[in-house]
Every structure is written in C-alpha cells, then in structure tokens.
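I am opening a notebook on a structure that is new to me. My plan is to look up a few features and write down what I find.

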Amino acid sequence: VTADLAALRRTLSSHQTSSRASSLGQLASSFLPFLALCGAMYATLAVSLWLTLAMAVPAGGFLVRIFVIQHDCGHGAFFRSRAANDWIGRLCSLATLTPYANWRRQHA
C-alpha cells in the first residue's frame, strides 16, 4: 500500500504546479468559443429561436469552464503570480457575473 501511495504521489506531482502555457491554452479554449457562441446566438436570434436556444447549451458549458478558471484563480492555482490570478479572476467574473474579490473572500 505504501508503494502504491508513493507511486500515486509521483504521478500527481506534475499536476501540482501551474503552467503558464497550459493556463493560457485553457483561457483561449474557454473564452474564444464562448464569445463565438454568444455572437452566433445574437446573429441567429432573428433566424430561429430554437437554433439560438440550442447554442445556449454549449455556451453554458463554456461559461462553467470560465467559472472553473475563476475558482482556480481564487485559490491562486491558475498562475504562479497572485496579481495574474487576480486579474484573470476579475476578467472571468465579467462573464460569470460573480464578483471575484467578494467570492474569493467568502470561498476561502
């Protein structure tokens, strides 16, 4: 059992530090599709309400991803820099409509 625990710790150790490249990739792969879907929803509103509502489902999924990024920023886990975490957390809060500083204090 001790050997299994040590192996698990070694395996997970690479996921215990933040990676700037991974963080920036997560930002891009969350915000860009979310904004594209919002734009597409606006454009198709005059065409079909059902098409617009269908696009709301994946847009909601991307919004959840943005909140997860905000959450990680609140714990200081998304970037190594506290200032970077706070700025990105504030940016995310514009989309999630959850005030970042207040949420971070209450959640901590």
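The entries below cover salt bridges, one backbone angle and the cysteines.

**Entry: the model**

I note at the start that this is a predicted model.

**Entry: salt bridges**

I searched the whole structure for salt bridges and found two. I looked up Arg 82 and saw that its partner is Asp 86, with the closest N and O atoms 3.4 Å apart. Both residues belong to helix H4, which runs over residues 82-96. They are four residues apart there, so about one helical turn separates them.

I then checked how accessible the two partners are. Arg 82 is exposed, at a relative accessible area of 54%. Asp 86 is buried, and its relative accessible area is 9%.

The other pair I wrote down is Asp 86 with Arg 104, whose side chains meet in a salt bridge at 3.9 Å, N to O. This pair links distant parts of the chain. Asp 86 sits in helix H4, while Arg 104 sits in helix H5, residues 100-107, and the two are 18 residues apart.

Which residues are linked in a network of salt bridges? I list Arg 82, Asp 86 and Arg 104.

**Entry: a positive phi**

I looked at the loop between H4 and H5 and found Leu 97 there. Leu 97 is not a glycine, yet its phi is positive, about 60°. Is Leu 97 buried or exposed? I read a relative accessible area of 73% for Leu 97, and with the cut-off for exposed at over 50%, Leu 97 is therefore exposed.

**Entry: cysteines**

How many disulfides does a search of the whole structure find? I got zero.

I followed this up with Cys 38, which is in no disulfide. For Cys 38 the nearest cysteine sulfur is that of Cys 92, and it is 14 Å away. Cys 38 counts as partly exposed, at 31% relative accessibility.

Cys 73 is in no disulfide either. Here the nearest cysteine sulfur is again that of Cys 92, at 5.6 Å. Cys 73 counts as buried, with 2% relative accessibility.

**Entry: recap**

I close with the points I want to find again. Asp 86 is buried and has salt bridges to Arg 82 and to Arg 104. Leu 97 has the positive phi, and the disulfide search came back with zero.

Terms used. Residues are numbered from 1 along each chain as its sequence is written. This is a predicted model: local features need pLDDT of at least 70, side-chain atom pairs count only at pLDDT 80 or more; totals for chains, interfaces and linings use all residues. Side-chain values use heavy atoms; hydrogens and water are left out. A salt bridge is a side-chain nitrogen of Lys or Arg within 4 Å of a carboxyl oxygen of Asp or Glu. Buried means under 20% relative accessible area, exposed over 50%, partly exposed in between (1.4 Å probe, protein chains only). A disulfide is a pair of cysteine sulfur atoms within 2.5 Å.
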